[in-house]
Structure formats: structure tokens, C-alpha cells
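Dear colleague,

I am passing on the structure below, and my notes on it follow.

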Amino acid sequence: MSKKLLLEIVTPDHKVLSQDVDYVGAPGALGEFGVLPSHIPFLSALGIGNLYYKDEGRTHYVFVSGGFAEVTPEKVTILAEAAEKAADIDTERARKAQDRAQQRLARAQEKIDYARAQASLRRSIARMNCRNSGEKAGTC
Amino acid sequence: MASLRDVKTKIGAVKKTKQITKAMNMVASAKLRNAQGRIERFKPYAQKFDEMLGDLAAGADESVHPLLAKREEKKTVGIVIVTSDRGLCGSFNANIIKAALKFATEKKAEGLDVKFYCVGKKGRDAVSKSGFEIVVQYRDIMSRFDFSVASKLGNELINAFLDGTVDEVVLCYGEFISVGRQAPVTQVVLPISGTESAEETSSTGKDYVYEPSVEGLLAELLPRFVKVQVYRGMLDTSASEHAARMTAMDNATRACDDLISSLTLLYNKTRQAAITRDLMDIVGATEALK
């Protein structure tokens, strides 16, 4: 396994990651997809969820939401509105966000509020999942 | 002539003012560095985003997505004005406000309704004084904002555009050119017109596999493009604000120096005059005693 893939994750606020990896799994809008080096050029919208990459036999998790992935044979670029490495996720905050979102879902009258609360709920759950997976894999 | 003590108090006052302006200058330069850093960090995202959109939009025309569609009959124009929350930054805010209001007045003369979306207190104050309608206002956020603010505002703009409340959206902000130069910019955000970068990067020659589809991706990318633009405007305004304040405070400090030196001169002259007068008195008195 000499060939590697450059994974770059950027958000509006900063560059989260730029690293050579062996494999990338990402939550595409139409379901998860995996990328190995020399993948064909590919452009996809991403859903809310966990992105993971393998490097030297270890699996690392990154939470992403509202993003796009651009895949070329040598490189994967992720543009996300929010992205956090599993180690940087604040589970306490995510849990609070989940509670808030659930309360709002129970009360929400308008459609927009409902959609927003639902998205926020999904994000908080995905964040916690990501942290859990990271802890299980021992990479955070 | 001013009394000696008056001049002394005045010098003291100017010195204190100078201390303040100097401190503000330093604070502004620290904040400017911060703001510039944010622009730098935003750049890779913006660049990549433009590239992706360029690739996608190359083959797309107006009919693909409602956000691209230009309206034949325009009734309402939305103006997003991004200014700072605080003053004391020279003519920076005034310039943006002037540009925005001029634009608004022109549109009004054409018989269009004008709606304002205000980010930053200064712009809001000026717009509400001028009597134009303010739909949304964000205040006291320029000192600490992130993408979510731009995202929220972007959503409001998109919704207003899609349901026909506004037929065009224009963004007014202070473009950050350099530390010494900031310029007010008026830019059409909606409908999205062919991105400039589209022409440059459209021929990257890669045949992408698109998922879900070109249209589906555009539907995701285009709303985000609006937000990216709003965010860029906010970042630029914030950097410009600090740069403008730095220059303004630098000038103020220098003006204080000038004032202090001329006041010191006056002080010395007055003191000398008083001494001369006293001496004359004494000499006069001794002459009289002889």
C-alpha cells in the first residue's frame, strides 16, 4: 500500500484536516460511499453524519454537516459548513443541543421551525455517534 | 490671553485623549490581524467552492434553478447593508451607507420598492433615519460572528427571493483592499448571475460523476453560494472596519501630538509673558522707591 490519498477538509472558519490517508468513507446524500486511491473523479453532496478515514490501520472519525465532496484520483476535498474531529467534539454540548431540539420539536408549530429543529437534532445525534465511534476505535 | 492654568488643563486633557486614541489604535490593529486571519482561513473554502460551482454551472443556464432566474418585472429590491456596530472609524461606515442609500434612492426613482436587511448597528441607524423599510436587522454581532449568522441571513434572503417578496438582492459592504484602502462595494447576490470564476475554471477537463445529479448538486450549492457571499461581505467589512479605525486613530493620535506641541508653545509663551510682567512690576516698584 504505497499509494495514498490526500484528504482535505475545509470549513468557512478553518482548515480542519489535510492529511495523507489510505481510505475515506463519507456520508453521501444518496448513502455512504468509500474512496480508495485512484478513484474516478466524483462530485457529491454530503448529508449529516460521520466521515471516516483509515490511516496506518487506524480509523479516525470526523463529523460533517452540510457539505460537498470532490474526489479526484489523488485527492478528496470536503467542503463542509461544519466539521469536527471526533476528539474535538463536545459531547456535553451535543447532548444539550439534542434536548433543546427535542423540546422544540414537541412545541414547533411552523413547518420551518420543525425542519430546523429536526436538522439540529440530527446534527447533535450524529456528533455523539461520531464521538462514540471515535472512542471505540481508540482515536480520540 | 488664556490663563496659565487653563492652558495646562487643556494640555492634560489632550494628553489623555491621546492615550485613548493610541490604545484604540493598538486594539484595532490586534483585531485587524485577527480579522485578516479569518479571511485567510476562509480563502481555501471560498476558492474550492468557486471551483466546484464553476465546474457545475458551466453547462447550466437560468432554467435549471429558480435562484438563477432573472425576473423580467422587478417590483422590490432587497438591499443587504453590512456595516460595523461601532463608530470612531473615520468615514468607513458613512461611505457604505452613502453607497447603499444612493442605490436605494435610484431604485426608488425607478418605481421599485426597497427593503433593507441590516447587519451592524451603524447601517441600521442610518437606514431607519432615512425612512426606508427595514425587514431584518442584526446588531452587535460584528465583534463575534461565525458562518451560522451568514447562513441564517442567507436563508432569509433566499426565502424572500423564492416567495417573491423581493425580486433582486444587492449586498453593500466595505471591501477590504489593503490596510490603507477600503472601498464600499455594491454587488448583486440574487438572482445568482454567472459566477466570474465559472469562465476561468469551467474547463478543468475532468469528467465528474455527479451524485445525486448536476441539478441536485446545484440545488445544494447555489443557496450555499449566497451564504458564502454574505459571509465574505461580513468578513471583509469586519477587517475593513478595524483597518479604518486603525488609520483614524493613528490620525487622531498625530493630531493630538500637534495640538499638544502648539499648546505647550502657548503655555511657555504665556508663562514667559507672566514672568516678564512680574519683573516689570518689580523693576517699576524699585524705581518708584528710589
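**Notes on the model**

Taken over C-alpha atoms, the centres of domain 1 of chain B and domain 2 of chain B are separated by 52 Å. Domain 1 consists of 4-24 + 248-289 and domain 2 of 30-243, with bounds that come from an automatic or database domain assignment.

This is a predicted model, in which local features need pLDDT of at least 70 and side-chain atom pairs count only at pLDDT 80 or more, while totals for chains, interfaces and linings use all residues. Residues are numbered from 1 along each chain as its sequence is written, and chains are lettered from A and ligands numbered from 1 in the order in which they are written.

The contact (C-beta atoms, placed from the backbone, within 7 Å) takes 21 residues from chain A and 22 residues from chain B. On the side of chain B that touches chain A, helix 1 (4-57), helix 4 (147-162), strand 6 (209-211) and helix 6 (214-289) each supply at least two residues, where helices (H or I, at least four residues) and strands (E, at least two) are DSSP runs numbered from the N terminus. Helix 1 of chain B gives the most to that side, with seven residues.

Strand 5 (residues 42-46) of chain A runs parallel to strand 6 of chain B, joined by three bridges, and strands count as paired if DSSP finds at least two bridges between them. Here A:Leu43 has B:Tyr210 as its bridge partner.

Within chain A, strand 1 (residues 5-10) and strand 2 (residues 15-21) pair in the antiparallel sense over six bridges, and a hairpin joins them through four residues.

Best regards

Definitions and conventions: Two residues are in contact if their C-beta atoms, placed from the backbone, lie within 7 Å.
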